[in-house]
Amino acid sequence: MGDRHPFRTIAGVGARTSPVGREDVERAATVISGRVRRTPLLSCRTLGPDTYLKAELLQRTGSFKPRGVLAKLASLTAEERGRGVIAISAGNHAQAVAWASAEEGLDALVVMWRGASEAKLAATRGYGAAVDLEASDPGEAFERLAVLLRETSRTLVHPFDDPLTIAGQGTVGLEILEDLPDAETIVVPIGGGGLIAGIATAVAGRAAVVGVEPELSTAMHSALAAGEPVPVTPTSIADGLNAPHAGGLALDIVRERVDDVVLVSEEEIADAFRFLYERAKLACEPAGAAAVAAVLAAKAGSGRTVCVVSGGNVARQTAAGILAGP
């Protein structure tokens with residue numbers, strides 16, 4: 001990639017805007033009400049006497065992503081709807097955009113990359129979206145996205161760095177506080193940062209928020225260290241967290257409202273994956289196990305702790321390989 005910065009190749013994406021407020025999250029909750037599942041908050045005493053799992057893997061399409069997508073699509077004008085939408089994703093956002101666009105009667109094009117999860121690719125196509133696979137990796141995919149945006153005039157449904165998307169993802173935090181008003185710590189996996197930015201906004205002043213990244217996928221850690229989004233080359237088994245950079249708006253919110261961001265190893269993710277499968281009976285994907293990995297490794301969790309478990313789209317071969325491990 002040389003000196004090219006995939007984050008800056010898309011005009012307008014990553015430009016600093018005023019932070020998303022709790023009122024925006026509450027507005028998003030109204031907009032998407034009845035269209036997403038209210039996922040359960042499950043107690044998990046094996047993990048800790050005051051530890052809970054927000055089972056967002058049971059959401060439509062298997063992750064939290066439809067919340068933000070629906071919030072974004074609701075903002076489109078008639079002209080924008082007619083031109084269709086475009087997105088970029090390794091899989092979970094792709095599926096959410098494909099599903100939500102079908103629900104809305106919109107034409108959707110999703111930029112993925114060669115080597116992306118075959119299961120997620122098949123599901124995206126199954127929901128009716130067209131898929132572009134010209135890129136060989138996430139960084140190239142963002143460059144391909146920039147080209148297609150110019151050529152097609154479609155509206156971008158960004159996976160993690162749009163105020164409306166962030167507000168929609170924040171509805172996860174609203175539900176946690178409604179179900180557990182005295183929650184003290186919420187542990188959230190980080191890819192590009194949209195989910196943690198939304199949750200931190202929703203629960204600001206009510207609970208501490210700790211983010212979790214794989215050691216092999218450090219978009220937010222690297223951005224915090226550099227003071228701005230920087231390109232990374234993510235290679236974690238938790239492919240749902242393999243963002244090639246953090247979002248600029250998400251970074252601003254994380255700096256302001258998130259208490260800590262910790263790293264977990266591939267082995268710790270695998271241990272948590274097995275724990276959730278065997279003890280909590282949750283068939284998550286590796287990305288969905290990241291928050292629990294941090295708690296099991298004593299890197300996060302204090303007082304009444306909630307781990308966000310999202311998503312649930314894992315290839316059988318991947319699941320079998322992890323479960324067969326030590």
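The second largest pocket has a volume of about 220 Å³, where a pocket, traced on a 1 Å grid over the protein atoms alone, is an open set of points with protein on both sides within 12 Å along at least five of seven lines. Its volume is the space filled by probe spheres set on the points, which are joined across faces, edges and corners. The second largest pocket is lined by 14 residues, with Ala29, Ser33, Arg38, Thr171 and Glu175 nearest its centre; a lining residue is one that has an atom within 4 Å of a point. Helix H1 (22-32) and helix H8 (171-179) each contribute at least two residues to this lining, helices being DSSP runs of H or I of at least four residues and strands runs of E of at least two, both numbered from the N terminus. By class, the lining of the second largest pocket holds 4 nonpolar, 3 polar and 7 charged residues, where Ala, Val, Leu, Ile, Met, Phe, Trp, Tyr, Cys and Pro count as nonpolar, Asp, Glu, Lys and Arg as charged, and the others, Gly among them, as polar.

The model is predicted, so local features need pLDDT of at least 70 and side-chain atom pairs count only at pLDDT 80 or more, while totals for chains, interfaces and linings use all residues. Residues are numbered from 1 along each chain as its sequence is written, and side-chain values use heavy atoms, with hydrogens and water left out.

The largest pocket holds about 320 Å³ of space. Of the 21 residues that line the largest pocket, Gly115, Ala116, Ser117, Asp239 and Asn242 are the closest to its centre, and the lining as a whole divides into 9 nonpolar, 8 polar and 4 charged residues.

The structure also holds 1 cavity of 30 Å³ or more, a cavity being a set of grid points where a 1.4 Å probe fits but cannot get out. The largest cavity has a volume of about 380 Å³, and of the 31 residues that line the largest cavity, Lys65, Phe160, Gly191, Gly192 and Gly240 are the closest to its centre. Its lining consists of 15 nonpolar, 14 polar and 2 charged residues. Helix H4 (92-104) and helix H9 (194-203) each supply at least two of the lining residues of the largest cavity, and the largest share, 3 residues, comes from H9.

Helix H9 is mostly covered, with 10 of its 10 residues buried; buried means under 20% relative accessible area, exposed over 50%, and partly exposed in between, for a 1.4 Å probe and protein chains only. The buried residues of H9 include Gly194, Leu195, Ile199 and Val203. After H9 comes Gly205, whose phi is positive, near 85°.

Strand S8 (residues 208-214) is mostly covered as well, with 6 of its 7 residues buried. Strand S7 (residues 185-189) pairs with S8 in the parallel sense over 5 bridges, two strands counting as paired if DSSP finds at least two bridges between them. The chain crosses from S7 through H9 to S8 in a right-handed β-α-β crossover, meaning that, with the strands pointing away from the viewer, the path from the first strand over the helix to the second runs clockwise. Within the pairing of these strands, Val187 stands opposite Val210 in S8. S8 also runs parallel to strand S9 (residues 260-264), to which 5 bridges join S8, and here Pro214 stands opposite Val264 in S9.

Another set of 4 strands forms an open sheet with parallel pairing, in the order S5-S4-S3-S6. Strand S5 (130-135) and strand S6 (155-156) stand at the edges, each with a single partner strand, so one side of each is left without a neighbour in the sheet. Strand S3 (residues 85-88) and strand S4 (residues 108-113) are joined in the parallel sense over 4 bridges, and the bridge partner of Ile86 in S4 is Leu109.

The cysteines remain to be considered. A search of the whole structure finds 0 disulfides, a disulfide being a pair of cysteine sulfur atoms within 2.5 Å. The sulfur of Cys44 is too far for a bond, because the closest cysteine sulfur, in Cys307, is 8.0 Å away; Cys44 counts as buried, at 7% relative accessibility. The sulfur of Cys284 is likewise too far for a bond, since the closest cysteine sulfur, in Cys307, is 11 Å from it, and Cys284 counts as buried at 1% relative accessibility.
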